[in-house]
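Good morning, and thank you for joining. I would like to take you through one structure today, beginning with the sheet and then turning to the ligand.

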Amino acid sequence: MKFHFLTIFPEYFGVLDLGIMGRAVKEGRFEVNVVNIRDYSTDKHHKTDDYPYGGGAGMVMTPDPIVRATEATDPEHKALRIYLSPKGEPFRQSMAKELAGEEELLFLCGGYEGVDERALELAYDREISIGDYVLTGGELPALVVMNAVSRYLDGVLGSPESTVEESFSSGLLEYPQYTRPQVYRGLSVPEVLISGNHAEVDAWRARKSLEITRERRPDLLDK
Ligand code: SAM
């Protein structure tokens, strides 16, 4: 799979050299292509923003550098082109799994007050939001979506079951996890987890999942 990021801050994507993502890139599990939108500005100062028509606070990203950068990066429109936006469809685990089936994803990271609507009409397929809050730019949202998607790609996680037995995959939040030591500052690991009885462990985990979901996210149970 190939991930393209269109941005005015390419430096953000340095984090992809780290941890599980960094290892996966080195092993060729997926490719990353970071494109600087400024390189497609015909303005002599590489400007990519201007004042909003109709007035109001802040600046808006101009359409031409975005459309030209998009077309140059994905000339045959092979990629699913996504604009990260607070106005987009809410991002969910099920969407991460669905997007992992694409060959290429292209993320447009907005900035300032957003992007001229015509760039989206002309060149984008989908708008996705990572939550009901506003960030300064689309770089972190694009990395969030890409990270969640990449966990479904072959060889990215050490153990493929990790995406099966975790929060949201079953529609519930995950049960509590414990590791060594068995007693830490007077707190013991629940007895059942060291019993060796797998059926009882599974039953305990299922019960805990349900309890935690009921307490913290009852809306998930309604679904
Ligand atoms: N004026 C816009 C609005 O009210 O919807 C917010 C613009 S925001 C300051 C700048 C950029 O950050 C957006 O163009 C978008 O790319 C990104 N962004 C901010 N919050 C986001 C969110 N919750 N999900 C996805 N992208 C977001």
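Let me begin with a term: two strands are said to pair if DSSP finds at least two bridges between them. The model on the screen is a predicted one.

With that term in hand, consider strand 5, which covers residues 80–90 and pairs with strand 7 in the parallel sense over 5 bridges. Within this pairing, Tyr83 stands opposite Glu127 of strand 7.

Let us now widen the view to the whole sheet. In general, the strands of a sheet pair through backbone hydrogen bonds, in either a parallel or an antiparallel manner. Here the sheet is open, has 5 strands in the order 2-1-6-5-7, and shows parallel pairing. Its edges are formed by strand 2, residues 31–36, and strand 7, residues 126–129, each of which pairs on one side only. From one strand to the next, the twist averages 30 degrees.

I turn to the ligand. Where does the ligand sit? Its site is the second largest pocket. A total of 21 residues surround the ligand, and the closest are Tyr83, Leu84, Glu113, Tyr133 and Leu135. Which strand gives the most to this shell? The answer is strand 5, with 5 residues. Strand 5 and strand 7 each supply at least two residues of the shell, and these two strands are the parallel pair with which we started.

A backbone N or O atom of Tyr133 lies 2.8 Å from a nitrogen atom of the ligand. For Ile130, a backbone N or O atom is placed 3.1 Å from a ligand nitrogen atom. Gly137 likewise has a backbone N or O atom at 3.5 Å, in this case from an oxygen atom of the ligand. Of the 580 Å² of accessible area that the ligand has on its own, the protein covers 85%.

Finally, two points of backbone geometry. Tyr112 has a positive phi of about 55 degrees, although this residue is not a glycine. Tyr112 belongs to the loop between strand 6 (104–109) and helix 4 (117–123). Pro181 is located in the loop between helix 5 (139–150) and strand 8 (183–184).

Note on methods: Residues numbered from 1 in each chain as written. Predicted model: local features only at pLDDT ≥ 70, side-chain atom pairs only at ≥ 80, totals over all residues. Heavy atoms only, no water. Helix = DSSP H or I, 4+ residues; strand = E, 2+ residues; numbered from the N terminus. Axes fitted to C-alpha atoms, helices over the stretch in contact; angles between N-to-C directions. Near = heavy atom within 4 Å. Polar contact = N/O pair within 3.5 Å; in protein donor to acceptor, adjacent residues only side chain to side chain. Areas by Shrake-Rupley, 256 points an atom, 1.4 Å probe, with all protein chains shown as cover. 1 Å grid on protein atoms, 1.4 Å probe; cavity = no way out; pocket = protein on both sides within 12 Å on 5 of 7 lines; lining within 4 Å. Sits in = over half its atoms within 2 Å of the grid points.
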